[in-house]
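Subject: Structure handover

Hello,

Here is the structure I promised you. Please open it alongside this note; what I found follows below.

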Amino acid sequence: MRRPALGAHDNLDVSTSTVLLILGAFLASAVEMVEALTIVLGVGVVRGWRSTLIGVGAATIVLAALIAALGPALRLLPIVTLRLVVGALLLAFGLQWLRKAILRTSGYKALHDEDEAFRKERDQAATAAQEQRMGLDWYSFTVAFKGVLLEGLEVVFIVITFGSAQGRLGLAAAGAGAAVVLVVVAGVLARGPLERVPENTIKFAVGLLLTSFGCFWAAEGVGVHWPGDELSLLGVIGFLGALSFALVRALRRQRLAGLPVGAQA
Amino acid sequence: MRYLRSFGRFWWNFIVGDDWRVAAGIAFALGVTSLFTHGGIDAWWLLPLAVALVLAGSLWRATHRSA
């Protein structure tokens with residue numbers, strides 16, 4: 001793999017990819033944590049905070065342990081193998097985000113409604129049976145634990161893959177951590193679900209970043225030399241961004257033309 | 001056994017998702033890119049092109065499924 005000594009040009013490359021790395025981890029974490037916050041709030045306001053917050057804490061410990069264990073383990077792989085594996089995984093994973101975001105933006109898939117999700121969570125929490133285990137309200141604990149764990153797994157996946165492929169696990173984790181703090185503070189201030197967060201726009205941006213990074217690294221992993229090295233990452237983002245907007249426009253036109261009726265992803 | 005099956009299904013849904021053809025198309029494109037690069041052709045353009053085709057194809061299938 002070509003990695004010349006750092007010069008002024010490489011410093012520019014490094015800062016571009018580093019900024020994108022932190023941005024990707026931050027945005028992915030923010031959007032997933034908004035969804036986790038809705039679940040936690042829905043349970044906490046109805047059934048009390050003690051068991052709910054213990055569930056949140058337990059899930060956070062599991063997620064942090066996963067990053068601490070898997071991140072350094074991945075770095076034991078040779079960089080070419082790592083970038084191929086991580087790139088291919090990111091590509092498959094990122095395309096899912098991008099595909100769903102395009103379907104939502106073009107009107108083929110319903111947008112996620114945090115307010116409705118909150119009401120649903122609150123209603124379920126109100127009718128669920130009381131069961132005490134280990135001194136905890138078991139429903140509150142398990143729902144908060146599962147909610148944070150499942151939403152957080154995607155963040156962990158992104159942090160580990162982004163961070164390890166670029167050798168900057170700490171920065172990726174810091175970007176994700178900053179988003180968690182921001183969402184929690186916003187949630188406490190708002191005292192409700194953050195329904196005004198433009199989730200689909202953020203998911204669109206994250207999907208675009210994941211797919212672009214995945215494409216870039218996977219190609220490097222099979223021996224491709226990108227023209228302009230890491231600067232060509234911006235070209236990949238630009239190409240896939242333009243393609244995505246073109247697809248959104250085409251799908252909107254198709255939907256408005258009434259063909260096909262009732263199609264769902 | 002049931003636990004293993006659900007564990008496998010979870011990771012399949014997590015990585016591959018709704019359309020397995022996307023992951024298969026990417027794997028195929030990576031294989032072809034590898035053949036090109038090992039044959040001395042620096043095919044940096046192939047994977048972005050494959051991503052574009054795979055994405056467009058998957059969206060077409062998703063929006064025409066119940067047509």
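A definition to start: a nonpolar core here is a set of buried Ala, Val, Leu, Ile, Met, Phe, Trp, Tyr and Cys residues joined through C-beta atoms within 7 Å. Please keep in mind that this is a predicted model.

The core

The largest nonpolar core holds 89 residues. Which of them touch the most other members? They are V159(A) and A218(A). Helix 1 of chain A, residues 8-47, gives the most to this core, with 15 residues. Look at V159(A) next. Setting aside neighbours within four places in sequence, V159(A) is in contact with A25(A), I67(A), A172(A), A173(A) and A176(A). As background, nonpolar side chains tend to be buried together in soluble globular proteins.

Helix 3 against helix 8, within chain A

Helix 3 of chain A covers residues 79-105, and helix 8 of chain A covers residues 232-256. These two helices pack at an angle of about 40°, and their axes are 9 Å apart. Helix 3 of chain A is therefore oblique to helix 8 of chain A. The crossing is right-handed. On the helix 3 side, the contact uses L98(A), I102(A) and T105(A). On the helix 8 side, it uses S244(A), L247(A), V248(A) and L251(A). By class, the residues of this contact are 5 nonpolar and 2 polar, with no charged ones.

Chain B against chain A

In this interface, 29 residues of chain B are in contact with 35 residues of chain A. Which elements give two or more residues to the side of chain B that touches chain A? They are helix 2 (20-38) and helix 3 (46-64) of chain B. Helix 3 of chain B gives the most to that side, with 11 residues. The side of chain B that touches chain A has 17 nonpolar, 9 polar and 3 charged residues.

Helix 3 of chain A also meets helix 2 of chain B. Their axes come within 10 Å and cross at roughly 145°. Helix 3 of chain A passes helix 2 of chain B in a right-handed crossing. Chain A contributes A88(A), L91(A), A92(A) and L95(A) to the contact. Chain B contributes V22(B), A23(B), I26(B) and L30(B). What classes of residue make up this contact? There are 8 nonpolar residues, no polar and no charged.

Best wishes

Definitions and conventions:
Residues are numbered from 1 along each chain as its sequence is written. Chains are lettered from A and ligands numbered from 1 in the order in which they are written. This is a predicted model: local features need pLDDT of at least 70, side-chain atom pairs count only at pLDDT 80 or more; totals for chains, interfaces and linings use all residues. Axes are lines fitted to C-alpha atoms, for helices over the stretch in contact, and angles run from 0 to 180 degrees between N-to-C directions. Helices (H or I, at least four residues) and strands (E, at least two) are DSSP runs, numbered from the N terminus. Angles under 35 degrees count as roughly parallel, over 145 as roughly antiparallel, 65 to 115 as roughly perpendicular and the rest as oblique. A crossing is left-handed if the near helix is turned anticlockwise from the far one by less than a right angle, and right-handed if clockwise. Two residues are in contact if their C-beta atoms, placed from the backbone, lie within 7 Å. Ala, Val, Leu, Ile, Met, Phe, Trp, Tyr, Cys and Pro count as nonpolar, Asp, Glu, Lys and Arg as charged, and the others, Gly among them, as polar. A residue is buried if 20 or more other C-beta atoms lie within 10 Å of its own, exposed if 12 or fewer, and partly exposed in between; C-beta atoms are placed from the backbone.
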